[in-house]
Amino acid sequence: MAGGIYLIQDDDRLVEMMEQPYDSEDQLQDLLVTYPNLIAGDQIDRATARRWLLISREAAPSDEETAVQWSLDHLFLDQNAVPTLVDVRRTPNAELRQKVLGQSIDYAANALVYWPVDSIISLFEANCRDRGRDPEQIFEEFLGADANEDRFWQKVKTNLQAGKVRLVFVADEISAEMRRVVEFLNEQMDPVEVLALEIKQYVSEDGLKTLVPRVIGQTAEAQQKKSSATRERRRWDESSFFAEIKARRGADEAQMARAIYLWAKSQEPEVQIQWGTGDAYGGFAAQLPQKGRKPYQLFTVDIAGRMEISADNYGSQPPFNAEHNWLELRSKLSVIGLSLPTEPGERRSPSLALFTLQDESALKQVIQTFDWVIEQIKTL
């Protein structure tokens, strides 16, 4: 048995605690669910400690048609909406280490396919139900009462699209070979963050227990590269957005996006335009300020060539939280290609491709529809 650590009790008694292996991987997994702070967010980001929102334990791919048969041990989000994929093993040997690393890189490469944001929301709500907790309350405890939940989930989606995820390999002991592999991957994979987390357990003769987490993989080179990327995080504006969407999607789609943007600008000050941030993805949101309530987000337009709305944003606020108003909104939006769910308040993000608006009448109909939406909201 390895050497221990020492505690000084209130009576000045020195208590020796000896390192002790976990009974099983399940024990270590249970500890992470009960005490997410063991993921050592203060070591991962010393400037702003990471906090953790548990989405699911044993998160399997959402696509039933996939040939991949596995489940991730834990899926967390941090306060910046970065998906954090956690794989737990007890002291992996060489063969298991290769399997774990390969599988986890598979998770990261296919995260957007395996867990689209609607699926992540469903996993989170199911996990809350299983634990007898209210999802809204847990979310409020995580980000605060003033947090914009829709914006947070949209940021999750943006991070997935940009490949901005974090892989964390957890074990009671990280070997020198594993450490070298993790450090290499963390230096080479950008924007993916690859870390190992060693959580040693120490137990005293009278049953006291101490857990000591240690993050491995943050070489100086990797930290400098990824902290620089964070500092240089892009804030989009009119000039950068339209140059980028033209380069990515072509002049026609850029023209459609500009027509929608100019309509929103013409509605100022009733409508406000908010520009997003993101290294690879970005766009603008058209919002209608509400006195004493959170703004109505009418829609977003992004450089992937999509106009998108939040069904939950519309269905959770008046006037569209009333059934007859919701049905009327649903009917009008379906005509322009935005399919709302049957019930208001359901979390879904319908979108339409800008290339479908190249016909002038189609674009005009979209603008007229949102003119009508604004008039309905203004009647409150």
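# Exercises on pockets, cavities and buried residues

The largest pocket has a volume of about 900 Å³. The model examined here is a predicted one.

**Exercise 1.** Determine which residues lie closest to the centre of the largest pocket and which elements contribute to its lining.

*Solution.* Step one concerns the centre: among the 40 lining residues, Asp 150, Arg 151, Gln 154, Lys 155 and Thr 158 are the closest to it. Step two concerns the elements. Two or more lining residues come from each of helix H5 (117-130), helix H7, strand S9 (272-275), strand S10 (283-290), strand S11 and strand S12 (306-308).

**Exercise 2.** State how many cavities of 30 Å³ or more the model contains, and describe the lining of the largest cavity.

*Solution.* The count of cavities of 30 Å³ or more is 2. The largest cavity holds about 60 Å³ of space. Its lining consists of Asn 148, Asp 150, Arg 151, Gln 287, Lys 294, Pro 295, Gln 297 and Asn 313. Helix H7 (149-161) and strand S11 (293-302) are the elements that supply two or more of these residues. The largest share, 3 residues, is that of S11. By class, the lining divides into 1 nonpolar, 4 polar and 3 charged residues.

**Exercise 3.** Classify Asn 159 as buried or exposed, and identify the residue whose backbone oxygen lies 3.2 Å from a polar atom of its side chain.

*Solution.* First, Asn 159 is located in helix H7. Second, its relative accessible area is 3%. Because buried means under 20%, Asn 159 is classified as buried. Third, the backbone oxygen in question belongs to Asn 80, at 3.2 Å from a polar side-chain atom of Asn 159.

**Exercise 4.** Classify Pro 350 as buried or exposed, and list its contacts beyond four places in sequence.

*Solution.* Begin with the position: Pro 350 is in the loop between helix H13 (323-335) and strand S13 (351-353). Next, apply the 20% cut-off; Pro 350 has 8% relative accessibility and therefore counts as buried. Then list the contacts, leaving aside neighbours within four places in sequence: Pro 350 touches Met 307, Glu 308, Ile 309, Ala 311, Leu 338, Ser 339 and Leu 340. Finally, consider a separation along the chain: Arg 306 is 44 residues from Pro 350, and their C-alpha atoms are 9.9 Å apart.

Methods
Residues are numbered from 1 along each chain as its sequence is written. This is a predicted model: local features need pLDDT of at least 70, side-chain atom pairs count only at pLDDT 80 or more; totals for chains, interfaces and linings use all residues. Side-chain values use heavy atoms; hydrogens and water are left out. On a 1 Å grid over the protein atoms alone, a cavity is a set of points where a 1.4 Å probe fits but cannot get out, and a pocket is an open set with protein on both sides within 12 Å along at least five of seven lines; lining residues have an atom within 4 Å of a point. Grid points are joined across faces, edges and corners, and a volume is the space filled by probe spheres set on the points. Helices (H or I, at least four residues) and strands (E, at least two) are DSSP runs, numbered from the N terminus. Ala, Val, Leu, Ile, Met, Phe, Trp, Tyr, Cys and Pro count as nonpolar, Asp, Glu, Lys and Arg as charged, and the others, Gly among them, as polar. Buried means under 20% relative accessible area, exposed over 50%, partly exposed in between (1.4 Å probe, protein chains only). A polar contact is a pair of N or O atoms within 3.5 Å; within protein, one must be able to donate a hydrogen and the other to accept it, and residues adjacent in sequence count only if both atoms are side-chain atoms. Contact means heavy atoms within 4.5 Å.
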